[in-house]
Amino acid sequence: MFRRTALAAGLTALLAGPAAAQTQITIQHPLPLNSHYGAGATALKEAFERAAGNRYRVVIQRNDNEREAIESVQIGTIECVITSTGPVGNFVPDTRNLDVPFLFRDSAHARGVLDGPIGQELLGRFNARGLAGVAWMENGFRHLTNSRREVNNPADIRGLKVRTMENQVHMRAFSTLGALPTPMAFSELVPALQQGTVDGQENPIPVIVANNLNQVQRFLTLTSHVYSPAVLICNPALLARMSAADRAAFQEAARAGVAANRARVTADEESGVEELRRRGMTVVTTVNTAAFQEALAPAFAEYERTLNAALLRRIRDWQPN
Ligand code: EAX
């Protein structure tokens, strides 16, 4: 009996011909799956696997060292990464313009700029660096936390050891405010806060909530000092190997990922502050933004000299249609 079934199964496989090879696409990102990056990656996975009829399998992995993950995409050991622009300026310098504090008025301004010609132009700059910029996702507006004292105005930041991303624009801003910026990968952040190597850090509410940074930080000030874009970057060879139809389906799936990511950021920003208060953080909600902008004047002058002043003006002048 078994012999006949085995034979039958063998014959069917033979007649069906070789099983359609499934291509695996690994997407890494630095946050828990239950996060705004996880939401984006999952929506992309579901949409693309559905569109590509299982010829592709998207695998989502956590790697909380964004720079390392970008390097892996560049050499092709993984296919894609969702990363903040934190370390991206080290690969694609033009993206540093997006990291200027107080550049974006609000999320609508940022999303509008990134979804428009400026955003597309900047994505085009990745090719020259052996990377493919696929879509702009979102991390959110960054806020300052620390374990030493309440921060109500720029003077309160003086002398604080603040972890920044590996980002020269952000480091320049914090040193201008009199803080001691310490650049490090996200993977090193929590141990550094626990050991007191640094007093504080800055991140969007969705990141602070998803990583329980309230466990290692006591004070939160809603500085909204900089908008933090995220970007889906892939290995160019992956896209080149795809058929035109699959590439279009992948781009469409990336758009679904962007929508899910941004919706999650909006939801986390709406509920996150109360959640962090509930978890015991002391939250300063009213911040004298003009005082921070004034204190950053020397840094702004330097950005106008060292970054792309014309691009910064185009971004500031952007208005919805
Ligand atoms: O992209 O490193 C950071 O603080 C980033 O905001 C985090 O990795 C999410």
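Mentor: Both Cys80 and Cys234 are buried, meaning under 20% relative accessible area; exposed means over 50%, and partly exposed lies in between (1.4 Å probe, protein chains only). The two form a disulfide, with their sulfur atoms 2.2 Å apart. A disulfide here is a pair of cysteine sulfur atoms within 2.5 Å. A search of the whole structure finds 1 disulfide. The link of Cys80 and Cys234 is right-handed, with 105° about the S-S bond. Cys80 sits in strand β3 (residues 80-84) and Cys234 in strand β8 (residues 219-234), so the pair ties together parts that are 154 residues apart in sequence. Strands (E, at least two residues) and helices (H or I, at least four) are DSSP runs, numbered from the N terminus.

A word on the basis. This is a predicted model, where local features need pLDDT of at least 70, side-chain atom pairs count only at pLDDT 80 or more, and totals for chains, interfaces and linings use all residues. Residues are numbered from 1 along each chain as its sequence is written, and side-chain values use heavy atoms, with hydrogens and water left out.

Stay with strand β8. Ser224 is found there. Its phi is positive, about 40°, although Ser224 is not a glycine. Ser224 is partly exposed, with a relative accessible area of 31%.

Now the ligand. The residues around the ligand are Pro30, Tyr37, Glu66, Ser84, Asn139, Arg142, Arg163, Met165, Phe186 and Asn203. Each has a heavy atom within 4 Å of the ligand. This shell divides into 4 nonpolar, 3 polar and 3 charged residues. Nonpolar covers Ala, Val, Leu, Ile, Met, Phe, Trp, Tyr, Cys and Pro; charged covers Asp, Glu, Lys and Arg; the others, Gly among them, are polar.

Polar side-chain atoms lie by oxygen atoms of the ligand: at 2.5 Å for Glu66, at 2.7 Å for Arg163 and at 2.9 Å for Asn139. The cut-off for a polar contact is a pair of N or O atoms within 3.5 Å. Taken alone the ligand exposes 260 Å², and the protein buries 99% of that. Those areas come from the Shrake-Rupley method with a 1.4 Å probe.

Asn139 leads on to His36. Not counting residues up to four places away in sequence, His36 touches Asn139, and also Leu31, Glu138, Pro206, Val207, Asn261, Arg264 and Val265. Contact means heavy atoms within 4.5 Å. His36 is in helix α2 (residues 36-51). His36 is buried, at 0% relative accessible area.

Notes: Polar contact = N/O pair within 3.5 Å; in protein donor to acceptor, adjacent residues only side chain to side chain.
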